[in-house]
Amino acid sequence: CSVPIFLFVLFICFCTVYHIPPHGRTDVASVTPWLAPIVWEGTFDSTLIDSIYKQQNITVATTLFALGKYTRFLKDFLESAEEHYFVGFRVHYYLFTDLPEAIPNVKLGQERYLTVKKVPSLNRWQDISMGRMEILKKLIENELANEADYIFCLDVDTKFYGRWSVETLGHLVGVIHPWFFNVPRFIFTYEHRRESQAYIPAGEGDYYFTGAAFGGSLKDVQNLTKTCREQMNIDAANSIEAIWHEESHLNKYFLYNKPSKLLSPEYLWRDISMSAGQVKIIRFSHVAKNNAEVRPN
Ligand code: 2GW
Ligand code: MN
């Protein structure tokens, strides 16, 4: 009877010596102080998590904005999404553009849909970037109720390089900005002027989130877009615009409405990032772009 016990003790010693955790990562935080998971490579079993969601027949709405010259990013975005993004699950892309004729013809897989919606051209880019919240709120309220379970809102000047799938699903999901992972809080570029509704007092805030990707359940993202829109309207009435536009308002929202799941910078990379050491796989990344070439004026 002591042989099995001996073998068990030997196994535990082996695991301890060789640092084999049952699962998870020891080099990065994979949980927030409010016990929301932070998704990193190595913290989940993709086969297992796929099989759990396979039984649920879910639809993931995915919104994209491509106005003016930003339509040039669509081909790479869509082609790479078909290869890496929720593969095997129903995805419905909602694409807002002022140039429907410039939309490339990308072949979509089974149970993958694309709806193109025409929106007016805007000259001030801040209005494009901030106007997204209003359009998203209306889309969720008026059209998605019976059409989707989850939604992700993504920048279009991006490309997928690796798996982004059901491990990212949750009620309210934020993505840690790749420049601000592992840096002290005072570096975070929150809005620090009291006059703005996006104001975050010094010493407050947990993480700095990117505006280029967020999502969650329809209900939670509806509340997010509605609140950010209202806050931006109050700012506009007071002639103030937050330092990083809707990204500042998103960070304020996440401070008081904690995300239930965070995605590591694997889920939004940018060429120059500080946390390269811990990022073992780049799944989704901003593509290098020549701002002077793609942005109006
Ligand atoms: C035009 C002039 C200047 C900036 C943007 C634009 C522009 C943006 C445009 O002509 N057409 C267009 O479709 N957009 C959409 O807005 C497009 O979906 C793009 O991905 C998104 C955000 O603009 P982008 O990607 O140029 O800004 P980034 O990459 O510096 O984004 C960060 O900061 C923004 C706010 O300042 C947002 O929060 C964004 O989500 C962040 O990633
Ligand atoms: Mn972008």
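1. His245 is placed in the loop between helix H5 (218-237) and H6. This is a predicted model, and in it the phi of His245 is near 55°, a positive value in a residue other than glycine. Most residues other than glycine have a negative phi. His245 has a relative accessible area of 8% and is therefore buried, the limit for that class being under 20%.

2. Although Asn182 is not a glycine, its phi is positive, at about 65°. Asn182 belongs to the loop between strand E7 (172-176) and E8. With a relative accessibility of 55%, Asn182 counts as exposed, because that class begins over 50%.

3. The manganese site, ligand 2, comes next. Which residues coordinate the manganese ion (ligand 2)? Asp155 (OD), Asp157 (OD), Asp157 (OD) and His286 (NE2) do so, at 2.1 to 2.5 Å. The sequence spacing of these donor residues is D-x1-D-x128-H. Asp155 sits in the loop between strand E5 (150-154) and strand E6 (158-160), while His286 sits in strand E10 (residues 284-286), so this pair ties together parts that are 131 residues apart in sequence. Asp155 and His286 are both buried.

4. The site of the manganese ion (ligand 2) has 6 donor atoms, and the angles among them run from 55 to 168°. Ideal angles for six octahedral donors are 90 or 180 degrees. The site is classed as irregular, because six donors count as octahedral if opposite donors are over 155 degrees apart and all others lie between 65 and 115.

5. A polar side-chain atom of Tyr70 is found 2.4 Å from an oxygen atom of ligand 1. For Lys289, the corresponding separation between a side-chain N or O atom and an oxygen atom of ligand 1 is 3.5 Å. Taken alone, ligand 1 exposes 730 Å², of which the protein buries 95%.

6. The shell around ligand 1 draws on several elements. Those that give two or more residues to this shell are strand E2 (59-66), helix H4 (125-144), strand E8 (209-217) and helix H6 (246-256). H4 supplies the largest share, 4 residues. There are 22 residues around ligand 1, and Phe65, Leu67, Tyr70, Arg132 and Arg295 come nearest. By class, the shell divides into 10 nonpolar, 4 polar and 8 charged residues.

7. Glu167 lies in the loop between E6 and E7. Is Glu167 buried or exposed? Its relative accessibility is 2%, so Glu167 counts as buried. The side chain of Glu167 makes a polar contact with the side chain of Arg163, at 2.8 Å.

8. Ala145 occupies the loop between H4 and E5, and at 55% relative accessibility it counts as exposed. Between Ala145 and Lys219 the C-alpha to C-alpha distance is 8.9 Å, although the two residues are 74 residues apart in sequence.

How values were computed. Residues are numbered from 1 along each chain as its sequence is written. Chains are lettered from A and ligands numbered from 1 in the order in which they are written. This is a predicted model: local features need pLDDT of at least 70, side-chain atom pairs count only at pLDDT 80 or more; totals for chains, interfaces and linings use all residues. Side-chain values use heavy atoms; hydrogens and water are left out. A residue is near a molecule or strand if one of its heavy atoms lies within 4 Å of it. A polar contact is a pair of N or O atoms within 3.5 Å; within protein, one must be able to donate a hydrogen and the other to accept it, and residues adjacent in sequence count only if both atoms are side-chain atoms. Accessible areas come from the Shrake-Rupley method with a 1.4 Å probe; for residues, only the protein chains shown count as cover. Ala, Val, Leu, Ile, Met, Phe, Trp, Tyr, Cys and Pro count as nonpolar, Asp, Glu, Lys and Arg as charged, and the others, Gly among them, as polar. Donors are N, O and S atoms within 2.8 Å of the metal (3.2 Å for Na, K and Ca); water is not among the atoms, so sites may look incomplete. Four donors count as tetrahedral if all angles lie between 85 and 135 degrees; four count as square planar and six as octahedral if opposite donors are over 155 degrees apart and all others between 65 and 115; anything else is irregular. Buried means under 20% relative accessible area, exposed over 50%, partly exposed in between (1.4 Å probe, protein chains only).
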